[in-house]
Structure formats: C-alpha cells, structure tokens
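Dear colleague,

I am handing over the structure we spoke about, and my notes on what was found in it follow below. Please read them with the model open beside you.

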Amino acid sequence: AGRGVSQAWGRRFGELVLGVTRDYRGQQQDKLDETPDLEEEDVADISLNLTVPSSERVVEDVVDPETAAQVDSNLSTLSSILPAVDPDFLLLKAKEIGGDTNLLQSFISQSLEGKASLPSRKEQDKREARKKEELVIRKLRPPDFLEMGDPHSHFQQTSGAVGEQYRQLAIYYLSKHFPTHTRAQVDKVLARNNNHFVPSIKDIKELAPPKKGKQVVSAKDRPKKPEEMDLVFLKEYVYYKLEARIRKHQEKLEATRLRDVKNAKKTGALFECQVCYDEDCLLRDVAMCETGCLLCRECVRRGAGVAIGDGMSDIECLAGCGARMGDEVLRAALLPRILERLLQRRQMVEVEAAGLQDLERCPACSFATIMPDPGVKILQCGNPECGKQTCRACKEVRRFLYLLISISSFYTSGRVTMSPL
C-alpha cells in the first residue's frame, strides 16, 4: 500500500483531488469572509529609531524658485561629471555651492584629482537597500513568522554567535525594559544566554531586582542607544513584541484546521499519510510523488529539510518508492526559505557541472563566484543570509584564522611567525 501505483493513476487521482478542493474553495472563502482581517495592531508597536548619521542626511530646505533652479543646474553638472558618486551627497553639495561658480569649479577639480574623499553611489544603494530591509522587518505580522516553521523554538536558541552591535542593542533594551535591574544583572543574564535577547528577557523577568520598587540605574547612567540597527536583533525584537499575538494566531489556525477535519470526515475528504500514518490529513493538502504516494505536507517539509541539509538537489519520495517529488508539489508544500535553499542547491549543481575554471564555493552555503587571482586568500560570501569569510585553502571560517603559523619561518629561524589574514 505504501509503494504507490502508476503515473497515469497518479494523474487521475490528482484530478479527483482538484475536484474535491474546488468544492472546498467556496466553503473556505465563506470562512475567510467570517474571519476578520489582521488588524493594524498585529504590527509590532516598537520605537526603534533607525537613525542615519547627521552627516549623511539630506536637508530638504525650502528655497525660492531662482535658488532651486541654481541647485538643479549644479546637481545636473555634478551628476554628469561624477556619475559614481552618491546622488544624495551631490544634492547636498549642490545646495551648499548655490550660485558660486568658483566654488563649483573648485569642488569638481578636487574631486577629479582625487583630493576629496567622496561617498560612492554603491554606498548609497546599500543604504537604501538596508532601509528597505529594515522597513520589511518592522512590518512583519504573525503569519510572517509562521513561515519560519516554529518561531518560538527558533528565537529561544542560544547556540549561534551574535555580533557586537547586536549585543549592545540587547544591553540597551534590557536596561530600558528593566530599569530596576543593575547592569551587572543584565550582563550576567546575557552571558548565560550567549547574548541572545529573547531568552535573556525571559530570564530577567524571573530575576528579582536588588531593591524592589526603586530605580537602581539612573537615566544618565543607562547605556546609550546605538546609532545603527542590527537587522538580526531587529527581527528578534519584533518577534518579542508580537509573541503573544503569534501564539493567538496559531491557536486560531489550529481551531480552523480541527473544524475542517471534522467537516471533511463527513465528505470523505481525508487521507492517511504514508509516512507518519496520520489519518486526519486534509485531501486538499495532499502532496504526491510522481507515482502517486500520498504524503502530508509536514512530512514533506521535514524530509526535504534533511535532504537539503545533506546536499541533495532532488527530493525523493519519503514513502520509499524511489520516485521524485515534483517541483509543483515542493513549491506548494515547502516553506519559502526551505524552497529557496533547494533552488540555490540546484543552481550550484548546474554551475559545478559546467566545469568553470577558478570557481570558488562558500563552504557554509551555496554561493559561488569566479576568483582567478590566487593571491586572494579569503572568499567573501555574497549571500546576504550568510556573508561569511572563509579561507580558500582550508575552507575554515575567517574568525578561526586570525593567526597563521608560517611553517617555513619555523624551520628556517626556529621561531613561529604569526600573521593576521
């Protein structure tokens, strides 16, 4: 029973499933109409000012038409001569120069001669991209976090290392939320949780302040708020603010699923997964391999995650029939981040099969690039979710390679020479 049947049978069964799901669509739409949309309050109420240094801000002055025309003329001239420079910086300069043509010529001459250090357009593009990413994170809602699988266990983990900027933000917000706790208590809790914010704030809630009801740390002695935001911390902080609503949303989803299962039993729209043997799987959520084995999406997600972690680019049927799981089935069953990893893995397989010379691959993910210069020792991963620096020779992450032993120097001089990468 667990081996599936012919592909023709699988296609016919697929058509039957589509017919059943069509009947469900009307019912589901009615349920959606009855369910209120996510309210605006489902966006985290946070006061994280994502500041930009004042030197980089463009001040929007109110100017008269004549001055505005002069600024536009200056900006047009500067942009045509210095196309690789940050346009916001050029706009600021255009306003400073105003109608002074000598100042304009002097600035252009210094810039072309390399006497002035100018911010590049690439830097401006990076800032804009970062602002957009920050905005996306700040607007996350409970359903967005469920795409991670189990967000609660994810943010409770303390095994991964965090950056110094993350740590400083964690100190600031823990001190802000718990002003009656000393800095020593905050540091101790953070150290116990490997500097992770969510586990630390849960621990510190159970920790009694040294002087109940009194503010131990004065406002002037509190840690200063870091100017730059760490995106990993930002996402974790948004989760912390939305945690109760995420759990409430999960409860609603589970109640809806149980109601759907109850209704589906009346129409026979359930099936038994051939992997976990759950008999209450909704037929509309079936995932079939190419020979027709019936699997639930949760089993497909778990199995695909393991297979991708093992470096596989094709996902075989988890029921053991040896057939593949089709791309459409995987797209419907997998979480976006897991599907992205699978697609990256497939791209890497294609690149490696092309036999490109000087191809270097990040050992921590699926990023690859051409590096013809053997003198470049470090591979900087271009994957924004990775970003690790690794040694091209030994494939170790750079943070473990700050010191190298020069073997030749050891044998020739009897001394060990240390040199940073």
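Which residues form one aromatic cluster? The cluster is made up of Tyr166, Tyr172, Tyr173, Phe197, Phe233, Tyr237 and Tyr240.

Before the details, a word on the source: this is a predicted model, in which local features need pLDDT of at least 70 and side-chain atom pairs count only at pLDDT 80 or more, while totals for chains, interfaces and linings use all residues. Residues are numbered from 1 along each chain as its sequence is written, and side-chain values use heavy atoms, with hydrogens and water left out.

As to the overall picture, the protein has 15 helices and 10 strands, both taken as DSSP runs numbered from the N terminus (helices: H or I, at least four residues; strands: E, at least two). Of its 421 residues, 33% count as buried, where buried means under 20% relative accessible area, exposed means over 50%, and partly exposed lies in between (1.4 Å probe, protein chains only). Where contact means heavy atoms within 4.5 Å, 60% of the contacts between residues at least 6 apart in sequence join residues at least 24 apart.

Turning to the aromatic rings, those of Phe, Tyr and Trp (its six-membered ring) pair if their centres lie within 6.5 Å, and planes under 30 degrees apart count as stacked, over 60 as edge-to-face and the rest as tilted. By this rule there are 13 aromatic pairs. One of them is stacked, because the rings of Phe155 and Tyr239 have centres 4.5 Å apart and planes at 20 degrees. This pair links distant parts of the chain, with Phe155 in helix H7 (residues 151-156) and Tyr239 in helix H11 (residues 231-267), 84 residues apart; Phe155 and Tyr239 are both buried. The pair of Phe197 and Tyr237 is tilted, at 5.6 Å centre to centre and 40 degrees between the planes. Since Phe197 lies in helix H10 (residues 197-205) and Tyr237 in helix H11, the pair ties together parts that are 40 residues apart in sequence, and Phe197 and Tyr237 are likewise buried.

Finally, the cysteines: a search of the whole structure finds zero disulfides, a disulfide being a pair of cysteine sulfur atoms within 2.5 Å. Cys321 is in no disulfide, and the nearest cysteine sulfur, that of Cys317, is 3.6 Å away; Cys321 is partly exposed, at a relative accessible area of 22%. The sulfur of Cys362 is 3.8 Å from the closest cysteine sulfur, in Cys381, which is too far for a bond, and Cys362 counts as buried at 0% relative accessibility.

With kind regards
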